[in-house]
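Have it open while you read, and check each point as you go.

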Amino acid sequence: MSGMATAFIVLGLFLLGGVISFAKQGMSKSLITLLSIGAGMSLIAGIMRLEVWS
């Protein structure tokens with residue numbers, strides 16, 4: 001596993017934790033949506049950069 005893939009996956013999981021936390025606090029839906037899109041894109045980028053696919 002490369003370092004960049006690890007960084008993207010860790011960032012995605014961190015943002016996903018933020019989504020869960022913001023949802024529990026009752027923050028605005030647009031902020032939660034934007035954060036979840038960022039988390040999803042980061043996780044997908046990390047998964048795509050894994051060396052398993054080559």
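1. Some ground rules. This is a predicted model, where local features need pLDDT of at least 70, side-chain atom pairs count only at pLDDT 80 or more, and totals for chains, interfaces and linings use all residues. Residues are numbered from 1 along each chain as its sequence is written, and side-chain values use heavy atoms, with hydrogens and water left out.

2. Start with helix α1, residues 3–25. Helices here are DSSP runs (H or I, at least four residues), numbered from the N terminus. At 1.5 Å a residue, the 23 residues of α1 should span 33 Å, and the end C-alpha atoms agree, being 33 Å apart. Just after α1, Gly-26 has a positive phi of about 80°.

3. Which residues of α1 are buried? Ala-5, Gly-12, Gly-18 and Val-19 are; buried means under 20% relative accessible area, exposed over 50%, and partly exposed in between (1.4 Å probe, protein chains only). The buried residues of α1 pack against α2 (29–48).

4. Now look at Ser-42, in helix α2. Its relative accessible area is 7%, so Ser-42 counts as buried. Leaving aside neighbours within four places in sequence, Ser-42 is in contact (heavy atoms within 4.5 Å) with Phe-8, Leu-11 and Gly-12. The Ser-42 side chain also reaches the backbone oxygen of Phe-8 at 2.7 Å.

5. Back on α1, Leu-16 is partly exposed, with a relative accessible area of 38%.

Terms used: Helix = DSSP H or I, 4+ residues; strand = E, 2+ residues; numbered from the N terminus. Expected span 1.5 Å × (residues − 1). Polar contact = N/O pair within 3.5 Å; in protein donor to acceptor, adjacent residues only side chain to side chain.
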